[in-house]
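Please examine the sequence and the structure shown below.

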Amino acid sequence: MLDVRQLTTQLGDQDFHWEFKLAAGDLMAIVGASGLGKSTLLNVLCGLLPATAGEVRWQGRDVLDQPLHRRPFGILFQSHNLFEHLSVEVNLALGIHPSGRLHEADRERVLTAARRFDIANLLDRTPDRLSGGQQQRAALARVFLQRKPVLLLDEPFSSLDPALRQEGLNWVRDMQAEQGSTVLLVTHHLDEMLPVTDQVLLGLTSEQWLSLSTDEFERQRAQGAFQSLLGIDTDASY
Amino acid sequence: MIAGNRLLRRLGAGLLWLTLALAALGMVLHPGGGYAWASYFDSWLVRVIWFSIYQALLSATLSLLLAWPFAWALSQTPFRGQWLLAAFLNLAFILPVLAVVLGVVSLFGQNGWVTLPGTVYGLPGILLAHVALNLPFATRLLWDRLSQIPDHQKRLAEVLGMGLRHRLRWLEWPLIRMASGPVFVLIALLCFSSFTVILTLGGGPANTNLEVAVYQALKYEFDSRAAMLYAVLHGALALTAIGALGQGGLLNMEAAVRQPRGGQRGPSPLQWCAILGLLALLLSPYAALLDRALQADWHWPARLPDALRTSLGIAVFSSVCAVLLALSRCLPGAVRTRRSRWLDFGVLVIPAMVLTTGLFLLCLRLGWAREATWPLIIWVNALMAMPLILQPLKARIQAAHSQYHRLTRVLGMRTWPVLRLVYWPLVRPVMLWALALSAVLSLGDMGVAALVGQVDFVTLPLLIYQSMGSYQMTLAAQMMVVLLALCASLLLLAEWARGRYRAGR
């Protein structure tokens, strides 16, 4: 269980506040207008931004006092998920050990992950010689190798076309099934995601967030709720 | 990772502060001697100060006036292969000063291609050499600035039917005027701190500047008090000028390193005129030098191998020091403080000879003058080269930092893996260039070696200077060809390595 209690941070003069629970192995979509703090939440969880108050517990243990790379979170950003000057192989290796130096067994793991994500024949290429879909798979393969129980996905597929976005989501679902990962996914394409989503975190303001099960969310939306909130910049990421 | 970066940054900063502090200490503890303080402030000192300023202002004015039309013509439209001209202009700025001096003497001196009404030694020679040295630099900076006129403004000018004259009046002249101020300050400062040109072409005590006065006080009069006084005056005047005129003109080789976008078409007739004119002006001293070198059989003096070894040794060590120092100054991590900015600024503007004088006086005081020759020359040369290579390295490291710092943090990468895997591959293409540039600057240095070196210490530029002093101009020209060939090989090697790296990717 991921338990976020009165988590607070401040950026400039804007306060952010979150509170929700997510069962292990579930997928939660984070939606809301721009500037409410969707990406900020992921950055605070993984430690790139400091929390000013509150608790984040994973399986009962507080993670906020842990150093960034020891937290149970793997994250993918909107862009710059791969080092463009390093080969795909080294990029993947960095998911196993941050020195990039690997033992023979680790190399085997990299190869297995590459096969798993269908990029085994691309290991010696640099990311600038990969297509958008291949880059996405390489980034996912690295997160896969990190073996973090919680995946934070900050619109990593938003710049791709709908077919590739769907493919990316399928890969995430596969990983979820295989590793039992818990997933928090920021998205502007809620309708594409809803079929695979267990829970929705909806930003009303930067300090007010509504956490609902997907069924409850769909029921309320069918009754006309959230229209003004979800209408905002639905296409913003294109 | 941040902590490791900070440590490396502090190490670099610490060395720089230590250098400045030791130089200041050397000034304070200078090994006594000399006359009463008041006796130094005589009419001779006033004349030296006046000449230092006068020749600098005149040189900067002439360089700028000549650079205007060239830069304007070159910037009219981007043309195919303009990177080549830009690279040549950069090269002309970093080649050994003594080569230009010898070129000017070969061109305008006795038996030269051009006969001047008077002698080349004195103010005319100084101005000619300073213009030959700074014209490419001024042209390059102004050209770069003018090339930045946005396309939409050019289109607007076309729509409004502006011809060349009106475009110059409304579009280009305001930019030229704005860019000229800093360029003028910069060139005036470089000429104010000119040593080799004034020493070799000054032609006597009437044409002495403060740097040469320091050298003469230390080398001929053994008057360390006078040397200290002139060096302090020199530093104070340079800092006052920069303080009064602003920091806008500080050397920014990033612009000069950036390759301008070339166009699809060849140069226009106007641009051909500018290119040929510029090449004729800049190449003629070197052509005259080569002509002089070929006038007699090549005989090498016995000390040449020794001088070559020393020059190369200094170049290798000082370029490595310069690159390491520059890297430590551009590592991200700690927020750049006001103090840290002042440090970079100080290293850039305090004339090298002032620093050298302070450090050398300290060594004299401690009785280490002979032992300290190599380390002193290597270190001061590294300090001189560092600001020139800092910007390209910094630009790459900062770009890598802003793109990847989140990723390196979430992956838990520590200092060494980040340096090895993120920064190193990105700075590697410019690393050989930076090493070569620093090495070329050190190879061409004469001032520091002349001031610090003992009688038996000889570098290639010093040997050339000694030949000039004994009127063996042909021999000097021949050795200069060797020095220029060395510099050119180094720069070609760097370009080749950069090209190979690109091709390999």
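With 10 C-beta neighbours inside 10 Å, B:Tyr471 counts as exposed; a residue is exposed if 12 or fewer other C-beta atoms, placed from the backbone, lie within 10 Å of its own, buried if 20 or more do, and partly exposed in between. B:Tyr471 is found in the loop between helix 20 and helix 21 of chain B, where helices are DSSP runs of H or I with at least four residues and strands are runs of E with at least two, numbered from the N terminus. Its phi is near 60°, a positive value in a residue other than glycine.

The model is predicted: local features need pLDDT of at least 70, side-chain atom pairs count only at pLDDT 80 or more, and totals for chains, interfaces and linings use all residues. Residues are numbered from 1 along each chain as its sequence is written, and chains are lettered from A and ligands numbered from 1 in the order in which they are written.

Chain B is assigned domain 1 (1–30 + 300–505) and domain 2 (40–292), with bounds from an automatic or database domain assignment. Their contact takes 41 residues from domain 1 and 39 residues from domain 2 of chain B; two residues are in contact if their C-beta atoms, placed from the backbone, lie within 7 Å. Helix 21 of chain B gives the most to the domain 1 side, with 10 residues.

Between the chains, 16 residues of chain A are in contact with 15 residues of chain B.

In chain A, A:His80 has a phi near 55° and is partly exposed, with 15 other C-beta atoms within 10 Å.
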